[in-house]
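Colleague: I would like to learn how to read a helix and a sheet in a model of this kind. Could we take them in turn, with the general idea ahead of the particular case?

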Amino acid sequence: MPLRLVTITVSHYCEKARWALDRAGMRYTEDGHAPLVHRAFTAMGGGTSTPLLVTPHGSLTDSTDILRFADRGLEEARRLYPEGALGAEAAELEDHFDRKLGPATRALAYSYLMPDAEAFLRVVSRDVPRLEAAAVRALRRPMIALMKKGLGFTDGTRAWADERVRALFAEVGARLADGRRYLTGERFTAADLTFASLADPVVDRDDDPRARFRTEDAPSALAAERRELRKTPAGEYVARLYRDERGLSSAVAR
Ligand SMILES: N[C@@H](CCC(=O)N[C@@H](CS)C(=O)NCC(=O)O)C(=O)O
């Protein structure tokens with residue numbers, strides 16, 4: 001039995017988990033849904049948020065636990081968490097990006113998508129079952145209202161998110177300024193994977209056909225912001241990690 005990854009298809013925390021499973025070559029199926037609809041499927045796995053990985057030994061309900069799980073089968077040189085101080089630093093940076101970057105990029109992207117119902121539908125319906133996409137279209141207004149409430153949106157959310165995203169991009173740009181290829185040590189770790197996947201909603205990568213959330217689907221103001229952030233050192237680093245490290249999907253058909 002392959003593993004089952006329950007996702008909100010557009011979610012960047014889900015992309016973080018997917019990337020780790022793909023990189024470890026694990027066999028899994030993706031059970032992908034639109035926001036809010038996901039609750040019916042996470043509840044069955046004993047959780048609320050996505051990603052949720054159903055394994056023969058129970059469910060993992062946090063992306064970091066899924067990365068640790070994927071790492072177990074890898075030889076030391078390929079692990080996302082190297083042994084010793086390097087692994088500890090990678091985990092610390094992962095936690096920093098999980099707490100600070102993920103909520104900000106999500107808020108920034110949704111602050112542009114929610115007022116534009118067609119763009120919102122294009123993005124949240126990508127790769128979800130057809131019936132679900134139709135239901136989301138019919139229910140988009142109450143759905144957007146519920147999501148705004150759930151995410152604690154106010155008039156100041158976009159400005160707050162924009163400032164935080166730019167501060168974190170500057171922080172990563174400063175780390176990379178000495179020419180290093182990875183955030184910590186000489187190898188790709190959980191820190192790099194987490195920054196790239198959680199930054200993805202605000203970085204233009206339409207030059208990569210695998211990008212799920214496409215700038216061409218975004219409202220023009222978000223498209224402009226994504227193109228601008230791509231040109232920063234942190235944005236270029238995200239694109240490089242996707243190009244050099246993302247690899248192919250190891251998911252199997254359901
Ligand atoms: N700490 C969690 C955060 C995951 C998270 O925020 N997931 C969002 C999608 S971007 C979600 O499922 N939100 C809907 C909900 O909680 O019902 C992780 O790393 O897995």
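Colleague: Which residues are buried in helix α5 (residues 117-124)?

Modeller: Bearing in mind that this is a predicted model, the residues of α5 that are buried are F120, V123 and V124. Seen down the axis of α5, its buried residues fall within an arc of 85°, so they line one face of the helix.

Colleague: Why do residues three or four places apart point the same way in an α-helix?

Modeller: An α-helix has 3.6 residues a turn, and therefore residues at that spacing point the same way.

Colleague: In which sense, parallel or antiparallel, does β1 pair with β2, and β3 with β4?

Modeller: Strand β1 (residues 3-8) pairs with β2 in the parallel sense over six bridges, T7 having G32 in β2 as its bridge partner. Strand β3 (residues 52-55) and β4, by contrast, pair in the antiparallel sense over three bridges, with L60 in β4 as the bridge partner of L53.

Colleague: How is β2 placed relative to the rest of the structure?

Modeller: Five of the six residues of β2 are buried, so this strand is largely enclosed by the rest of the structure. Together with β1 and helix α1 (residues 12-23), β2 makes a right-handed β-α-β unit.

Definitions and conventions: Residues numbered from 1 in each chain as written. Predicted model: local features only at pLDDT ≥ 70, side-chain atom pairs only at ≥ 80, totals over all residues. Buried ≥ 20, exposed ≤ 12 C-beta atoms within 10 Å, placed from the backbone. Helix = DSSP H or I, 4+ residues; strand = E, 2+ residues; numbered from the N terminus. Arc of directions from axis to C-beta. Pairing = 2+ DSSP bridges. Right-handed = clockwise from strand over helix to strand, strands pointing away.
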